[in-house]
Amino acid sequence: MDYTTHELLAFGIAAFFVGFLKTTFSSGIGIFLVPVLIMFWPTRFIIGIIAVLMWVTDFFAIPMFWKQWEGRYLRYLVPGFYIGIIIGAYALVNLPDYWLRKGIGLTCVFFAALLIWRELRGEFKPSPISPPAGVGIGIGGGIISAMFHSGGLVLSLFFISQGMSKIAIVASIIVVWLCVNPFKVASLWYGGVVLTPMLVAGFLAFPLAWAGSWCGKQTLRKIPQKGFVFILLLLSLVTALRLLLETG
């Protein structure tokens with residue numbers, strides 16, 4: 001590997017916090033970790049290494065939440081994600097860096113506003129979902145996931161609207177990632193965003209990612225359901241405002 005110390009530091013920080021956020025605030029990877037790291041490293045470099053690290057953490061995150069997911073939704077969501085990832089990877093490769101950063105901010109604002117509206121109105125009762133609607137949600141989540149690693153926010157908001165508990169939400173999101181992350185990494189590798197040395201460094205960072213996942217699982221057990229929702233909202237708004245006010 002030909003990475004500098006500064007770039008290897010990015011791998012270490014990203015590995016721990018991808019693990020931590022994946023088992024606590026899954027959507028925080030895209031709406032908090034990505035914006036923070038791109039202040040210090042190139043945007044596509046960060047998106048590439050986080051894609052690899054999200055794939056790596058799947059292997060030990062899933063046993064932590066074994067059989068705690070809601071499988072009835074996954075057969076509708078996962079196929080759409082594959083389609084969305086293809087579209088999102090193509091956009092990521094071709095969009096200027098400036099618009100990628102603004103896109104992250106706009107995505108956060110939109111979903112944070114939607115979450116506020118749902119929380120104030122108290123509309124979190126389960127509602128049936130048709131197969132076409134599930135595929136559509138998956139496509140949107142796949143696009144946002146490939147471009148900004150914020151697909152977990154789409155899933156979180158949907159699962160919250162179904163009245164699922166915080167543990168079931170995290171577990172179900174992790175199952176979706178287990179299915180689609182290899183395809184996302186392959187798509188970004190084909191587009192030149194993920195490089196072969198990133199794969200090597202990502203697997204070498206496995207211990208840090210595991211430590212982050214373990215710490216995250218312990219934290220999740222101590223957070224009330226309402227606190228879980230509002231911390232997610234706070235992360236979204238803070239990072240969105242920073243990106244949208246950024247110039248140049």
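Student: Is the crossing of α4 and α8 left-handed or right-handed?
Tutor: This is a predicted model, in which local features need pLDDT of at least 70, side-chain atom pairs count only at pLDDT 80 or more, and totals for chains, interfaces and linings use all residues. Residues are numbered from 1 along each chain as its sequence is written, and side-chain values use heavy atoms, with hydrogens and water left out. A crossing is left-handed if the near helix is turned anticlockwise from the far one by less than a right angle, and right-handed if clockwise. The crossing of α4 with α8 is right-handed.

Student: Are α4 and α8 roughly parallel or roughly antiparallel?
Tutor: Helices (DSSP runs of H or I, at least four residues; strands are E, at least two) are numbered from the N terminus. Helix α4 and helix α8 (residues 166-190) pack at about 30°, with axes 10 Å apart (axes are fitted to C-alpha atoms over the stretch in contact, and angles run from 0 to 180 degrees between N-to-C directions). Therefore α4 and α8 are roughly parallel (under 35 degrees; over 145 is roughly antiparallel, 65 to 115 roughly perpendicular, the rest oblique). In short: roughly parallel.

Student: Which residues of α4 make the contact with α8?
Tutor: Contact means heavy atoms within 4.5 Å. On the α8 side, the residues include Ser-172, Val-176, Trp-177, Phe-183 and Lys-184. On the α4 side they are Leu-74, Val-78, Phe-81, Tyr-82, Ile-85, Ile-86, Ala-89 and Leu-92.

Student: How many charged residues has the contact of α4 with α8?
Tutor: Asp, Glu, Lys and Arg count as charged; Ala, Val, Leu, Ile, Met, Phe, Trp, Tyr, Cys and Pro as nonpolar; the others, Gly among them, as polar. This contact has 15 nonpolar and two polar residues. The number of charged residues is one.

Student: What is the C-alpha to C-alpha distance between Leu-74 and Val-176?
Tutor: Leu-74 lies in helix α4 (residues 74-94) and is buried at a relative accessible area of 10% (buried is under 20%, exposed over 50%, partly exposed in between, with a 1.4 Å probe and protein chains only). Not counting residues up to four places away in sequence, Leu-74 touches Trp-69, Pro-79, Ser-172, Val-175 and Val-176. Leu-74 and Val-176 are 102 residues apart in sequence, and their C-alpha distance is 6.9 Å.

Student: How are α3 and α9 oriented to each other?
Tutor: Helix α3 (residues 43-64) and helix α9 (residues 196-204) have axes 9 Å apart and an angle of about 45°. Their crossing is right-handed. The two helices are therefore oblique.

Student: Which residues of α9 does α3 meet?
Tutor: From α3 come Phe-45, Gly-48, Ile-49, Val-52, Leu-53, Trp-55, Val-56 and Phe-59. Their partners in α9 are Met-198, Leu-199, Gly-202 and Phe-203.

Student: What separates the C-alpha atoms of Ile-50 and Gly-202?
Tutor: Ile-50 lies in α3 and is buried, with a relative accessible area of 0%. Ile-50 and Gly-202 are 152 residues apart along the chain, and their C-alpha atoms are separated by 8.6 Å.

Student: How many helices has the protein chain?
Tutor: Buried residues make up 54% of its 248 residues. The secondary structure has zero strands. The count of helices is 11.
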